[in-house]
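I opened my notebook to look up some strand pairing and a few backbone angles. Here is what I wrote down along the way.

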Amino acid sequence: MISKEITILGIDPGLRVTGYGVIAHQNQSSRYIASGVIKTSNEAGNLASRIKTILIGLTQVIEEYQPEVVAIEKVFVNTNPQSTLLLGQARGAAISAAVLKDLEVFEYTALQIKKSVVGQGHASKEQVQVMIQKLLKLPSVPSTDSADALACGMCHANISNSLANLGVGNRMKGGRII
């Protein structure tokens with residue numbers, strides 16, 4: 001079965017650094033297009049300008065690379081509720097950039113992403129970096145934020161393949177096929 005190539009934007013949201021990775025995927029094969037980070041100002045109490053930087057930065061990435069779908073990491077509830085709330089706001093800015101461009105957004109937990117790319121859900125950041133380098137045939141190991149974003153895109157590609165092989169399309173809700 002030959003399917004058309006799809007461009008996937010993976011996003012690893014963060015308030016200080018948001019990673020992005022763009023891959024092209026067709027059938028069982030993925031290729032690297034681009035990756036990088038959007039860094040925000042370190043000024044304390046400047047949340048609104050950080051959110052704006054993330055929104056504008058990802059909008060520019062979307063306009064440049066024209067992805068068809070976005071895969072983003074879900075926020076996990078951390079021991080520090082304030083950090084979780086702030087990360088959620090960065091994630092909201094990233095999702096807003098995608099939906100303002102009419103892109104469908106798929107969400108994956110860190111466990112799903114690591115299991116899909118490395119084979120184990122509790123893989124280290126270094127293991128993710130090395131696997132992304134190998135899977136996408138990169139000349140060097142990407143930064144942790146870029147690697148996490150590329151891994152998110154690869155997770156979506158892998159899950160899309162699995163769903164297509166089952167003949168159920170590309171629909172998931174809450175980690176379940178619908």
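**Strands and turns**

I started with strand β1 (residues 6–12), which pairs with β2 in the antiparallel sense over seven bridges. I kept in mind that this is a predicted model.

Next I followed β2 (17–26) on to β3 (29–39). I found ten bridges joining β2 to β3, and the two run antiparallel. Here G21 stands opposite S35 in β3. This pair of strands is a hairpin too, with two residues between them.

How enclosed is β2 by the rest of the structure? I found eight of its ten residues buried, so β2 is largely enclosed.

**Positive phi angles**

I then turned to the backbone. Most residues other than glycine have a negative phi, so I looked for exceptions.

My first entry is N27, in the turn between β2 and β3. Its phi is positive, about 50 degrees, although N27 is not a glycine.

My other entry is K137, in the loop between α4 (125–135) and α5 (144–166). K137 has a positive phi near 55 degrees and is likewise a residue other than glycine. With 71% relative accessibility, K137 counts as exposed.

Technical notes:
Residues numbered from 1 in each chain as written. Predicted model: local features only at pLDDT ≥ 70, side-chain atom pairs only at ≥ 80, totals over all residues. Heavy atoms only, no water. Helix = DSSP H or I, 4+ residues; strand = E, 2+ residues; numbered from the N terminus. Buried < 20%, exposed > 50% of the residue type's maximum accessible area, 1.4 Å probe, protein only. Pairing = 2+ DSSP bridges.
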